[in-house]
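Welcome! Take a moment to look over the sequence and the 3D view, and then let us walk through them together.

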Amino acid sequence: MIVDLLRPPLEIAQVVRQLSEAGSKSLPLVIASGFALGTVMTFHTRSTLVTFGAGALIPAVQSLAFFVEIGPLVAGLLLAGRVGSGIGAVLANMRATEQIDSIESLSIDSFKFLVVPRVVACVIALPLLTLFMDFSGLLGGFLSEFASSRISFHLYVTRAFEDLGWSNFIPPTLKTAVFGFIIGTVSSFFGYTTNEGAHGVGKAATNSVVVSSLLIILADVILIKCIFFAFPENAL
Amino acid sequence: MNVETKAAVVFEHVSKAFGPKQVLRDVSFEVPSGQALCILGRSGTGKSVTLKLLISLLKPDQGKIWIEQDEITRLNEADLSKVRRKMGFLFQDAALFDSFSLYDNLALPLQRLTDKTREEIDSVVTKVLGQVGLAGDKAKMPAALSGGMRKRAGLARALVLEPKILLADEPSSGLDRITASEIDELLLRQKTEHQTTVIVVTHDVHGARRVGDRFAVFDKGDLIAYGTSSEIERSEHETARKLIMEH
């Protein structure tokens, strides 16, 4: 994959095209989901924390939860659904309609032309989309909290970030590059290798989502352990 | 096999099976350079597989396949790529890239495989689209084209690199008689004006007789007859005689 990526011609135009498909076109879904999740999470945590006199911790709980786990994992799962199914279905359709054969017949390496740019685009897009998910979740949380307690934006942001270290932010965000790799490779595998015609298109899309989602959850467990190992203070 | 002869394509004792199903059985034939071979036969007799073997989208289980001086079953991907550049393939359903415009479909191989400038690519694409009567449609997406237009667009893409050998898989299937005749005319012109070797898989005997110099008739994976139309008409195989007869 890496050799194919670096071997000329570089597929820059294809990567940009796929970044648009996987990245910018997923932005509304990611922002809306993050915002809704942030709002709902504040609803749920508020009553408990206020009961124990810890209402001031709501922004910190919100930011920690989103930056460390909810943002990366939910962004990964959402993208497994939207982008994974798309990649699986598009490649399977190209296989069924002989478009992949036609690329090969033109002396173009179909794997390098179709698969590598999709995987690269997913690896780049996931961390960026996770940031949008994190911040839209925080914004949703702020608006929910503002509606209840009239907290100022400045105070909310200060409380949200005062206990958040770089190690709570950067490793969990970067781990989504692995999620992107999983989505890109798994979906491309199911789409590129199908040989069941039109029936294979639906099957490839479904398998892409199911297997990508399962592997993302599994990878999340492993990566969290790795992050705890590298940054022991995060485990406390 | 003597590769010194001017054969563009040689099939030598080729067999191919998919699992238990034997699709081609010890098939041998050759196509002289600049001539047209039409492959006839009932559905599922290995005609399309023959074309895919020729362009190495499939590998034979046994036998050798020569494209000019190259025995392609032994080539690595890099050398195979060079051989494929001599060939154009018109797929049964055209197989245009549906996320690319018609222009981009034709420009892609030129951008990837030649050193042409953007202006030169523009000029080649416009010329080839003009040859197939689609010069005014280059901005259209494949989904916006009719069946006949898609076939002509597929043919244009197959011709854009000026191949020495043109392979066409059922170029007239699903088309009305007039449009099918236009496609046959384009194939014929490619053979006569550019001395391109043409190999066509078809069920259209009328078109085949118009384009073809030689005919190969397949039945259940066997090549049962090979030769000119008059030779096929005298074949000992009834299936071959029936398939070559115009209704």
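## Before we start

Two residues are said to be in contact when their C-beta atoms, placed from the backbone, lie within 7 Å. Please keep in mind that this is a predicted model.

## Chain B as a whole

Chain B has nine helices and ten strands. Its C-alpha trace spans about 55 × 45 × 35 Å along the principal axes. A compact globule of 247 residues would have a radius of gyration near 18 Å, and chain B agrees with that, because its own value is 18 Å.

Of the 247 residues in chain B, 44% count as buried. Among the contacts in chain B with a separation of 6 or more, 64% are between residues 24 or more positions apart.

## The sheet

Now find the open sheet of chain B, where six strands follow the order E6-E7-E8-E3-E9-E10 with mixed pairing. Strand E6 (87–90) and strand E10 (222–227) of chain B stand at the edges; each has a single partner strand, so one side of each lacks a neighbour in the sheet. From one strand to the next, the twist averages 15°.

Strand E7 (residues 165–169) and strand E8 (residues 197–201) of chain B run parallel, joined by five bridges. Here you can see Asp169(B) opposite Val201(B) in E8(B). Lying across strand E3 (36–41), E7 and E8 of chain B is helix H6 (residues 177–194), which runs at about 155° to E8(B).

How many of the six residues of strand E9 (residues 214–219) of chain B are buried? Five are, so the strand is largely enclosed by the rest of the structure.

E9(B) runs parallel to E3(B), with five bridges joining them; along this pairing, Leu40(B) has Val217(B) as its bridge partner in E9(B). With E10(B), E9(B) pairs in the antiparallel sense, over five bridges, and Phe215(B) stands opposite Gly227(B) in E10(B). The hairpin of E9(B) and E10(B) has two residues between the strands, and in this hairpin Lys220(B) takes a positive phi near 50°.

## A covered helix

Helix H5 of chain B covers residues 147–159. From its first C-alpha to its last, this 13-residue helix reaches 18 Å, close to the 18 Å expected at 1.5 Å a residue.

Is H5(B) mostly covered or mostly uncovered? H5(B) is mostly covered, with ten of its 13 residues buried. Among the buried residues of H5(B) are Arg150(B), Lys151(B), Leu155(B) and Leu159(B). The buried residues of H5(B) pack against several elements of chain B: strands E6 and E7, helix H3 (102–113), helix H4 (118–131) and helix H6.

## An exposed residue

For a contrasting stop, look for Ser230(B) in helix H8 (residues 229–233) of chain B. Ser230(B) has 8 other C-beta atoms within 10 Å, so it is exposed; a residue counts as exposed when that number is 12 or fewer. In sequence, Ser230(B) is 21 residues apart from Arg209(B), while in space the two are 11 Å apart, C-alpha to C-alpha.

## Where the chains meet

Finally, turn to the place where chain A touches chain B. Eleven residues of chain A are in contact with 13 residues of chain B. On the chain A side, the residues divide into three nonpolar, five polar and three charged.

Notes: Residues are numbered from 1 along each chain as its sequence is written. Chains are lettered from A and ligands numbered from 1 in the order in which they are written. This is a predicted model: local features need pLDDT of at least 70, side-chain atom pairs count only at pLDDT 80 or more; totals for chains, interfaces and linings use all residues. Ala, Val, Leu, Ile, Met, Phe, Trp, Tyr, Cys and Pro count as nonpolar, Asp, Glu, Lys and Arg as charged, and the others, Gly among them, as polar. Two strands pair if DSSP finds at least two bridges between them. Helices (H or I, at least four residues) and strands (E, at least two) are DSSP runs, numbered from the N terminus. Axes are lines fitted to C-alpha atoms, for helices over the stretch in contact, and angles run from 0 to 180 degrees between N-to-C directions. A residue is buried if 20 or more other C-beta atoms lie within 10 Å of its own, exposed if 12 or fewer, and partly exposed in between; C-beta atoms are placed from the backbone. The radius of gyration is taken over C-alpha atoms; the globule rule is 2.2 Å times the number of residues to the power 0.38. The expected span of a helix is 1.5 Å times one less than its number of residues.
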